[in-house]
Amino acid sequence: MVGARFTPPLRIAAATVLLAVLVPAVIEAIYVAPTAIFMDDRSQAAEVTVGNSGDTPEEATIELRFGFPDADSAGTPYVRMVDDPGPEFPSAADWIRAYPQRVRLDPKTQQVVRLLARPPANLPDGEYWTRLIVTGRGASIPVVSADTAVRAGVNLVIRLVASVTYRKGKVTTGVVVKDLAADADGDSLTVWAHLDRQGNAGYLGTADIELVNAAGETVRRWSTALAVYVPMRRRFAYPLDSVPPGDYRVRFRLRAERPDLPADRVLPAPTVTDSVAVRVG
Amino acid sequence: MRRFAIAVLAASALAPAWASPLQAQRRPMPVIVVPPLTAFAISDLSFGTVLPGVPTTVSVNDPHHAGQFEITGPANASVRVDLVLPAAMVSEGGALMPISFGHADGLAVVGSHSLQFDPHAPVIASLGSDGHLFIRLGGTAQPGLTQTGGCYSATIALTVYNLGS
């Protein structure tokens with residue numbers, strides 16, 4: 001009995017609930033470059049560019065928190081954030097600082113953020129990690145209702161999470177693949193691999209996965225940038241599209257090559273290969 | 001034009017000191033130009049005018065009302081995108097209107113491939129050879145029978161993790 005509670009004009013107003021929006025009706029965008037920041041005991045400073053390529057001002061905050069790539073029990077990758085990392089974690093979050101930590105970005109502008117490291121004097125050789133989190137909060141955008149009155153403001157929060165790596169002394173890495181498995185279900189190929197990191201530094205490389213038919217021809221090929229910081233059982237999933245039914249082999253290769261990173265920052269490691277049979281259809 | 005501008009900005013930020021023309025004459029070395037990691041909100045998720053007591057659904061395939069985001073970065077970059085979705089929208093006066101997102105209210109598009117997903121779950125994707133990932137978002141607004149008139153809004157958080165380093 002809605003009508004019993006309103007006079008006619010109010011009834012009309014109540015019937016016209018104007019829903020605004022969840023996202024501003026203008027383009028909002030922030031960016032960070034590079035997405036992988038490297039520092040070492042020779043150059044204890046780095047620069048990161050944070051920018052606003054949108055049409056409205058952005059208020060951005062920059063913070064550092066300890067975290068690293070991992071995989072959950074289903075093999076889904078995520079960045080594991082640890083608020084108070086104990087001594088068992090190689091955290092650099094406590095001794096790398098970002099300046100400034102808050103910036104206002106006008107449309108089409110950028111700001112250089114400096115990272116400065118102040119590692120402990122007795123820091124052992126090795127690699128230390130943290131994550132750079134850039135959070136953009138668009139300025140409040142007035143939402144205009146049908147009668148043109150300004151009624152409310154809405155915000156979208158965008159976070160970009162990049163890696164920060166600090167290396168001291170001799171660092172090495174590598175990866176071992178175990179228990180490779182594959183399954184073709186419907187139109188998807190799923191590959192599982194247990195990945196064990198070697199050495200004292202994170203493994204940065206590329207995973208190449210090929211689907212090879214009985215004649216030895218590669219019918220599909222996928223490549224994914226990969227980071228292995230801790231042992232994990234990782235799942236990879238790809239569309240099979242119109243791959244004909246039949247018996248195939250999945251070739252799995254990890255190579256320490258990354259076209260998106262400076263070559264001198266990608267630690268050398270042997271290429272690792274493995275393969276497993278899979279039936280499609 | 002916007003992407004070109006970003007690429008130029010990124011190049012200026014990433015080019016090392018020896019990439020200056022003077023140095024380059026003596027020591028020609030390749031300059032790695034890597035696209036930045038960028039998140040765009042291209043269009044809004046808009047329900048327009050709704051009636052009290054009548055749920056209004058915006059399909060993820062609705063080109064005019066579905067929310068659309070674009071993630072760009074290096075080719076084949078591995079990213080995870082998390083959406084933190086609200087349970088309700090709020091009017092200026094504090095009135096609430098429930099909003100829900102179903103298991104097929106998300107759509108991820110990389111190149112020629114698309115995948116519907118539950119927007120409560122993360123999107124794990126390689127950005128593909130062109131370094132782009134598009135995400136579309138639908139949802140359902142559920143105004144009550146006595147819903148107060150006015151504008152309702154909410155905030156969503158979109159987080160993009162670089163999984164490749």
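Reader: How many residues of domain 1 of chain A are in contact with domain 2 of chain A?

Author: Two residues are in contact if their C-beta atoms, placed from the backbone, lie within 7 Å. Here, 14 residues of domain 1 of chain A touch 13 residues of domain 2 of chain A. This is a predicted model: local features need pLDDT of at least 70, side-chain atom pairs count only at pLDDT 80 or more, and totals for chains, interfaces and linings use all residues. Residues are numbered from 1 along each chain as its sequence is written, with chains lettered from A and ligands numbered from 1 in the order in which they are written.

Reader: Where are the bounds of the domains of chain A?

Author: Such bounds come from an automatic or database domain assignment. Domain 1 of chain A covers 21–168, and domain 2 covers 173–280.

Reader: Which element gives the most to the side of domain 1 of chain A that touches domain 2 of chain A?

Author: Strands (E, at least two residues) are DSSP runs, numbered from the N terminus. On that side of domain 1, E6(A) gives the most, with 4 residues.

Reader: Is A:Ser73 buried or exposed?

Author: Buried needs 20 or more other C-beta atoms within 10 Å of a residue's own, exposed 12 or fewer, and partly exposed lies in between. A:Ser73 is exposed, because 6 other C-beta atoms lie within 10 Å. A:Ser73 sits in the loop between E6 and strand E7 (77–81) of chain A.

Reader: What is the mean pLDDT of chain A?

Author: pLDDT is the predictor's confidence in each residue, from 0 to 100. The mean for chain A is 86. Over residues 140–154 of chain A, pLDDT stays under 50.
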